[in-house]
Amino acid sequence: MAMGRSKVVIIGAGNVGTALAHHLVIQNVCSDLRLIDMRKEKVWAEVMDLRHSMGYSQTGMNVEVGSYEDCHDADIVVFAVSAPYKEGMTRLDMQDLVEGMVASITRQVIDTGFQGIFVVITNPVDVMTYLVQRVSGFAPKRVIGTGSSLDSARLCEFLADRMKVDSRSVVGYCMGEHGNSQFIPWSQVSVGGKRILDILEDNPEQLGGIRLDEIQEEITQIGNRIMRYKGATNYGIAAVAARIIKAVLLDERIVLAVSVMPEGEYGITDVYVGIPAVLNRYGVTDLVEYHLTPQEQGLLEQSVQVLREANGRLHI
């Protein structure tokens, strides 16, 4: 990774890519930012709009329209391309629509001599992260998907709102697919350091009578509701991607629930799945291996099986 200056390339200047670019600019996360998109006028307009905001954001970033050659010396390349959403689609329904595009982009980036870290947002993110790793041949730790980080943020926000506490007091991660087979390992969720299961045992009405399975359904489906009403989810996922990028560039060693490829943890190999992981300048440095309950382990294995079947449909 480059020392001193840092460079991020975002491929895809749609709702998510531009929201991510804005996050990086206002937080002054990197030195150089490049946006790539086949819609030349659109990406030029987005870059100019970002530049015009910089006088009010206290940032000295260099933001430019990019080309694939910009990937050569980039620290991070982000996949923010997507397929058009149609109501009723699941994330896995998008697989056939984006597979060829993601594979082609990966090859073009690799051909530049890129030696940094891939961050994948494109849905179905667990499957597309697996595809990028397989096509690139990179070590799995250098290919990271946004995974279940957004779902985890939604979980913490929901619990904080119900319990009338700051969301930073809630620690909990969704695991598995970023999709319908994800699950919440309630045995590992805590508020103020106290397990949520103990809180509910001491005060069953703490969540206003809402059952845990109802919360699971809410967290799983809320993204679909947002998509139905506004056509995209962009602010939340952009914040997640920006946090991943910052953790890598600043060597933070923070834990986020990203899409990673375990090497035997939880009995899993050769599949990307959402698991809390430690991120540093080299990408994924370690996984958090919880002592899941037998039921939770079963839910994780079910989600992994969904992803394995999806991976089996890839043309690689």
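Predicted model: local features only at pLDDT ≥ 70, side-chain atom pairs only at ≥ 80, totals over all residues.

Q: What is the volume of the largest pocket, and which residues lie nearest its centre?
A: The largest pocket holds about 880 Å³ of space, and among the 39 residues that line this pocket, Val-16, Ala-80, Val-81, Ser-82 and Ala-83 lie nearest its centre.

Q: Which elements give two or more residues to that lining?
A: Those elements are α1 (15-27), α3 (95-111), α5 (149-163) and α7 (212-230), and of these α7 gives the most, with three residues.

Q: And how does the lining of the largest pocket look by class?
A: The lining has 21 nonpolar residues, alongside 13 polar and five charged ones.

Q: OK, what about the second largest pocket, what volume does that one have?
A: Its volume is about 520 Å³, and 16 residues line the second largest pocket, with Ser-149, Ser-152, Ala-153, Cys-156 and Leu-256 the closest to its centre.

Q: Which element gives the most there?
A: That is α5, which contributes five residues to the lining of the second largest pocket, while β7 (170-171), α8 (235-249) and β10 (254-260) are also among the elements that give two or more. By class, this lining divides into nine nonpolar, four polar and three charged residues.

Q: Switching to charges: where is Asp-126, and is it buried or exposed?
A: Asp-126 is found in helix α4 (residues 125-136), and Asp-126 is buried yet has no salt bridge, since the nearest side chain of opposite charge, that of Arg-91, is 7.8 Å away.

Q: So what does Asp-126 touch?
A: Leaving aside residues up to four places away in sequence, Asp-126 touches Gly-147, Gly-176, Glu-177, His-178, Ser-259, Tyr-272, Val-273, Gly-274 and Leu-307.

Q: Now the backbone: which peptide bond is cis?
A: The bond from Asn-123 to Pro-124 is cis, with omega near 0°, and Pro-124 sits in the loop between β5 (117-120) and α4. For background, most peptide bonds are trans, and most residues other than glycine have a negative phi.

Q: Which residues other than glycine have a positive phi here?
A: Lys-164 is one of them, with a phi of about 60°, and Asp-251 is another, with phi near 55°. Lys-164 is found in the loop between α5 and β7, whereas Asp-251 has its place in the loop between α8 and β10.

Q: How accessible are Lys-164 and Asp-251?
A: Lys-164 counts as exposed because its relative accessibility is 71%, while Asp-251, at 37% relative accessibility, counts as partly exposed.

Key:
Residues numbered from 1 in each chain as written. Heavy atoms only, no water. 1 Å grid on protein atoms, 1.4 Å probe; cavity = no way out; pocket = protein on both sides within 12 Å on 5 of 7 lines; lining within 4 Å. Points joined across faces, edges and corners; volume = space filled by probe spheres on them. Helix = DSSP H or I, 4+ residues; strand = E, 2+ residues; numbered from the N terminus. Nonpolar A, V, L, I, M, F, W, Y, C, P; charged D, E, K, R; others polar. Buried < 20%, exposed > 50% of the residue type's maximum accessible area, 1.4 Å probe, protein only. Lys, Arg positive; Asp, Glu negative; His and termini not counted. Salt bridge = Lys/Arg side-chain N within 4 Å of Asp/Glu carboxyl O. Contact = heavy atoms within 4.5 Å.
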